[in-house]
Amino acid sequence: MGILLLITKPLGIYLFQVLDGKNTFLEPVLGPVERFTYRLLRVDPRREQGWKQYTAAMLLFSLVTMVFTYAVLRLQDHLPFHGIIDGLLNKTAITPDLAFNTAASFTTNTNWQAYTGENTMSYFSQMVGLASHNFWSAAVGIAIAAALVRGIARHESGTVGNFWVDLVRIHYYLLLPICIFYAAFLISQGIPQNFKPYDTAQLTEKQTIQVPKTDASNNPVKDTAGNVVLQDQSVETQSIVEGPIASQIAIKMLGTNGGGFVNANAAHPFENPTPLSNFLQMLSIFAIPSALTYYLGRAVKNQKHGWAVWGAMAAIFLVGVITCWKAEADGSPNLYRNGVVQTDGNMEGKEMRFGIFNSALFATITTDASCGAVNSMHDSFTPIGGLVPLFNIQLGEIVFGGVGAGLYGMLIFVILAVFIAGLMVGRTPEYLGKKIQAFEVKMAGLVVLVLTLSILGFAAWAAGANNFGAPDPVTNALTNGTNNNGPHGFSEILYTFSSATGNNGSAFAGIGANTPWYNTTIALATLIGRFFMIVPIMAIAGSLAAKKLVPAGPGSFPVDGWTFIILLIGTVLLIGALNFLPALALGPVVEHFLMYTGKLF
Amino acid sequence: MAAQSRSIFDPKIIVPAVGDAFKKLNPITMIRNPVMFVTEVGALVTTVEVFASQESKAFTGQISVWLWFTVLFANFAEAMAEGRGKAQANTLRASRTQTTANRVRDNGQTEQVSADQLRKGDVVRIIAGEAIPGDGEIIEGAATVDESAITGESAPVIREAGGDRSSVTGGTRVLSDEIKVRISANPGESFLDRMIGLVEGAKRQKTPNEIALTILLSALTIIFLLVCMTLLPFGKFSGVDFSPTVLIALLVCLIPTTIGGLLSAIGIAGIDRLVQKNVLAMSGRAVEAAGDVDVLLLDKTGTITLGNRQAVEFIPAPGVTAHELADAAQLSSLADETPEGRSIVVLAKQQEGIRGRELTQLSNAEFIPFTAQTRMSGVDLDGQSYRKGAADSVRAYVGGKFSSEIDAAVTAISSKGGTPLVVATKEKALGVIYLKDIVKGGLADRFERFRAMGIKTVMITGDNPLTAAAIAKEAGVDDFLAQATPEDKLAYIRREQTGGRLVAMTGDGTNDAPALAQADVGVAMNTGTQAAKEAGNMVDLDSNPTKLIEVVEIGKQLLMTRGALTTFSIANDVAKYFAIIPAMLLLAFPAIAPLNVMHLASPNSAILSAVIFNAVVIIALIPLALRGVQFRALGADALLRRNLLIYGLGGIIVPFIGIKIIDVIISALHLV
């Protein structure tokens with residue numbers, strides 16, 4: 001936290017230089033490249049766009065890149081690096097629904113992964129189809145945040161910046177330079193960066209697993225009762241992934257993308273080899289979102305306001321970490337009752353290397369920010385421990401949040417807080433000298449409404465419709481594709497759509513999400529959660545930019561100091577979170593209390 | 001009529017309001033208020049459930065009854081607010097009796113027509129004892145007019161053709177003399193009609209802040225509708241069946257019914273509070289703008305200072321005693337009936353013990369009245385001439401030269417914001433009288449509070465900059481505009497508005513009209529011209545410019561009340577969740593009992609208590625909504641902290657206590 005505090009200011013100042021068209025120290029090197037790019041794109045960097053043009057450019061860019069990735073994934077077996085180099089597994093084309101899901105998910109900075117990276121994606125798809133989006137979607141998020149901040153800072157202005165310029169500058173001056181050094185560092189920590197085939201290692205101990213018996217044509221053999229016949233198979237070798245991992249991890253964290261190269265994500269030794277890499281990855285998730293609050297203060301010439309927003313975020317973060325850590329450290333009362341001593345707390349689903357604290361911390365960070373990388377399995381957390389990540393996502397990913405997305409999401413709550421409480425000082429609510437009127441309230445209300453609709457609506461569809469997955473093998477209860485039934489199964493569904501809508505991308509796992517239905521609905525949720533939020537936000541940016549500035553005075557609404565921080569936290573909790581309380585009560589809360597009665601799911 | 005304030009619980013208002021509360025159940029009118037509309041639909045569904053569902057009819061029935069009460073209480077609040085206006089409107093209407101008018105034809109003859117046949121541009125003749133048939137401008141004559149029907153002030157006022165006191169209002173009565181009036185409003189559009197419409201709230205349009213708030217409340221309502229609807233499939237998945245009654249109870253408790261129910265009442269009551277101060281706002285928008293005002297333009301005379309100056313000191317010239325000066329000053333002022341003149345006589349008596357002389361005793365005295373040419377007044381007595389007047393005029397009178405001491409005294413007084421009057425005989429100046437503008441008491445304090453709230457006060461005066469600066473300093477205003485012409489005022493307002501500030505001002509003359517129209521809040525004096533009244537967006541019936549300050553306070557209070565009740569309403573949800581959610585889940589998951597932090601007796605009593613609390617809190621807050629939250633002139637920071645503590649934290653804590661108390665009562669009565 002201290003280090004985050006330290007890097008916020010310098011990185012914030014640097015962001016201000018990048019986003020406000022000032023010269024950075026990289027200018028001598030990158031300036032010519034930047035200008036050449038503009039000429040190539042036929043963009044006049046001095047011509048600014050109104051909010052509608054800016055939004056249209058952003059939507060166009062997102063659409064084109066999404067279609068591009070969809071095509072890459074569908075045509076994977078015709079493109080380079082599919083199974084030639086990695087040898088072991090020949091990667092086939094990806095099904096339309098999974099390709100749509102993945103393309104939407106990466107375009108929206110969600111990086112929900114319904115596939116197993118190392119088994120499904122070729123190196124080409126990983127690098128060109130997916131990692132590219134890690135940059136693009138992150139840059140789009142930062143650009144939108146910058147446009148909103150400009151809208152707040154400017155007055156009587158028709159423009160909010162130029163999308164293409166923002167996009168280029170964020171890449172050249174921010175993401176690429178940092179990622180190059182960051183990836184190099186990760187390689188030094190032991191993350192592979194190559195195009196080698198997967199290695200095969202001999203196991204020191206042979207293991208025997210049961211796999212379905214298959215006939216000659218690879219169909220599962222069934223017995224007379226229709227059950228799948230299992231047979232023993234001896235496993236003697238282990239396949240070890242290789243590939244261009246480090247470069248993808250760097251941007252995955254920095255850009256709060258979270259889409260892992262391998263399925264186990266940051267729990268995998270090759271994605272997260274050392275305590276130092278673990279720490280740096282956590283730090284890098286928060287780095288840009290945190291610095292953006294400083295950028296906000298700097299741009300609106302009210303640094304105290306920037307710190308107040310940072311303070312509110314930090315406070316919610318700390319409460320989350322402590323709650324999650326406490327719940328995980330306490331472990332499950334059932335195990336105690338059965339005589340199992342959990343000296344380390346609830347270690348189920350956690351990587352031994354990281355332990356409780358680092359897992360709880362990582363889980364809180366990754367869900368506060370809309371990163372979604374995981375170093376432990378959230379599904380296996382205790383109910384309250386799992387409630388924290390779920391709750392964080394449902395708040396709207398505004399605790400530092402996704403790059404850019406966190407800031408603009410938080411600013412929606414700032415606007416709502418200012419509107420509700422602003423009347424109490426006896427004036428038409430003003431945010432930094434701009435009157436908050438019907439239009440802004442309408443758009444801010446729309447954002448909250450759409451997020452709620454997408455999370456609860458899709459979850460209700462999944463929970464209420466007929467089952468989309470096999471019934472529970474033991475109880476035959478409807479599971480709708482979840483591993484568990486009852487409250488925990490419900491939590492899994494709720495988490496899935498919260499994560500998709502919140503553009504987080506982490507999973508409670510425990511849900512068989514790679515089905516056409518889930519792939520499609522989750523993809524829709526990611527798109528709704530991203531673009532139905534951005535468009536109203538850009539409308540607010542445009543409307544605020546055009547407004548007159550009311551000079552600040554003793555009667556102006558204070559947007560710094562403790563009163564404001566508490567007000568902002570209160571608004572986030574009352575407006576952003578209360579909506580989900582009934583649903584949460586049915587999921588993790590009930591499960592928590594049932595756990596103490598010994599009932600498990 | 002308007003000056004009397006009404007008790008909030010006047011039975012004359014409460015009784016019809018109860019009836020109106022039922023009339024307002026009409027869904028077509030309800031849909032204007034989305035929050036209460038949803039509540040009404042919920043009440044309707046639960047009523048059907050009483051007969052349709054298998055649940056305990058006693059429980060469903062009680063929920064249903066209390067939901068209806070919730071809607072009725074909200075309607076009642078609105079009806080109460082309107083009722084207060086209606087009572088006032090009725091008094092006004094009574095004064096608008098059918099009158100006949102003497103219309104003057106083009107050929108000069110008059111004809112008798114009914115007042116509602118009069119059109120704009122008609123000329124009527126009104127003689128003593130007749131009612132004025134419509135709004136208009138006096139074009140000939142002068143009269144004393146009883147305007148008590150409009151202002152509540154029983155002392156008659158003088159209205160005359162030309163100048164700034166030429167407008168008359170329909171419904172007032174001419175007491176003496178005869179006037180000719182050109183009618184300026186068609187029937188139904190007159191000032192009185194507008195006033196009635198305003199206080200009745202008949203054509204009430206939502207103000208900008210109200211619209212924004214309604215949007216927020218609607219968004220919250222839709223969100224909670226979603227929350228409750230999705231609970232059905234969620235529950236099914238988890239093996240819990242929620243009954244429609246319980247879901248509707250949850251819904252109504254969560255949607256912001258408190259503010260939704262009181263919102264329109266708050267707005268109407270705000271206008272009503274202005275009316276009680278004898279200020280008429282032409283729209284609710286103007287009242288809201290008053291709360292946002294950043295700059296107050298205050299006329300010096302009448303607003304900041306008492307209307308007249310007073311003599312406070314005699315400064316004798318060298319070789320003249322104070323007694324001699326006072327004596328001469330008194331003599332020269334004997335015939336001066338202006339307040340200034342009288343104050344000189346009083347000062348002479350107080351300081352030098354010079355007794356008042358009777359004019360009749362001085363038979364050989366010739367009094368010289370003040371004229372605009374000489375700018376002096378005085379008396380010629382026993383061959384001696386005494387004069388007092390402006391320094392320049394008296395200097396000319398004594399031959400063009402003052403002693404340096406006199407000159408020094410004159411400059412010193414001017415620089416202190418006072419008016420120097422030089423007293424002289426034909427031969428030489430005797431000394432100077434210090435006339436001082438008396439700043440009204442308590443103003444400096446008031447301006448100080450305005451400053452704390454971020455409102456700038458600007459004094460407008462025709463005085464020279466030196467005098468203006470001194471008075472501005474004494475009164476504690478932030479800025480002044482000296483030697484101000486109407487154009488200067490207009491330019492000043494425009495300049496402030498370009499800087500993003502909202503400006504309020506008062507005015508009465510026709511030449512104030514452009515500035516009044518330009519200002520965001522323009523309060524016209526009722527004594528002013530028709531043009532000024534048309535240009536402003538408020539009219540002060542008492543014609544008291546100081547009231548601008550109160551207008552701003554009422555505007556702020558209106559906004560604060562809305563914000564406070566919104567915060568309270570939203571904060572209330574926390575406790576309601578803790579009452580209802582455990583109750584909903586307790587049957588399916590008994591383990592959740594610890595979540596019942598309030599230890600409510602049973603699931604049904606918990607839900608019923610929350611619903612009852614939700615309804616009762618509306619009634620409990622009606623007085624607050626009508627009276628407005630307490631106004632305090634504090635800076636935004638302090639105000640926010642204070643109100644957040646009361647209405648935010650209070651909004652979280654109060655329902656916990658309230659629901660618990662209701663739960664204890666209903667379980668003691670075995671209602672569920």
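1. Just after helix H18 of chain B, Gly500(B) adopts a positive phi of about 90 degrees; helices (H or I, at least four residues) and strands (E, at least two) are DSSP runs, numbered from the N terminus. This is a predicted model, in which local features need pLDDT of at least 70 and side-chain atom pairs count only at pLDDT 80 or more, while totals for chains, interfaces and linings use all residues. Residues are numbered from 1 along each chain as its sequence is written, chains are lettered from A and ligands numbered from 1 in the order in which they are written, and side-chain values use heavy atoms, with hydrogens and water left out.

2. H18(B) itself covers residues 486-498, and its 13 residues reach 19 Å from the first C-alpha to the last, close to the 18 Å expected at 1.5 Å a residue (the expected span being 1.5 Å times one less than the number of residues). Its buried residues are Lys489(B), Leu490(B), Tyr492(B), Ile493(B), Glu496(B) and Gln497(B), where buried means under 20% relative accessible area, exposed over 50% and partly exposed in between, with a 1.4 Å probe and protein chains only. Seen down the helix axis, these buried residues fall within an arc of 160 degrees, so they line one face of H18(B); the arc is that of the directions from the helix axis to the C-beta atoms.

3. The face of H18(B) turned away from that buried side carries Glu487(B), Arg495(B) and Thr498(B), which are exposed. The cover over the buried residues of H18(B) includes strands E11 (295-299), E18 (456-460), E19 (479-481) and E20 (503-507), together with helix H19 (513-518), of chain B; contact here means heavy atoms within 4.5 Å.

4. Elsewhere in chain B, helix H10 (residues 284-292) packs against helix H21 (residues 547-585) at an angle of about 95 degrees, with the axes 7 Å apart; axes are lines fitted to C-alpha atoms, for helices over the stretch in contact, and angles run from 0 to 180 degrees between N-to-C directions. H10(B) is therefore roughly perpendicular to H21(B), given that angles of 65 to 115 degrees count as roughly perpendicular, under 35 as roughly parallel, over 145 as roughly antiparallel and the rest as oblique. Residues making the contact include Val287(B) and Ala290(B) of H10(B), and Val551(B), Leu558(B) and Arg562(B) of H21(B).

5. In chain A, which has 19 helices and four strands, 63% of the 601 residues count as buried. Asn101(A), in helix H4 (residues 96-107), counts as buried at 0% relative accessibility. Leaving out residues up to four places away in sequence, Asn101(A) touches Trp112(A), Ala114(A), Tyr518(A), Asn519(A), Ile522(A) and Ala523(A).

6. Most residues other than glycine have a negative phi. Asn109(A) sits in the loop between H4 and helix H5 (117-120) of chain A and is buried, with a relative accessible area of 3%, whereas Asp177(B) is found in the loop between strand E8 (173-176) and strand E9 (178-183) of chain B.

7. Lys428(B) belongs to the loop between strand E16 (419-425) and strand E17 (429-439) of chain B and is partly exposed, with a relative accessible area of 39%. Neighbours within four places in sequence aside, Lys428(B) is in contact with Val320(B) and Val398(B).
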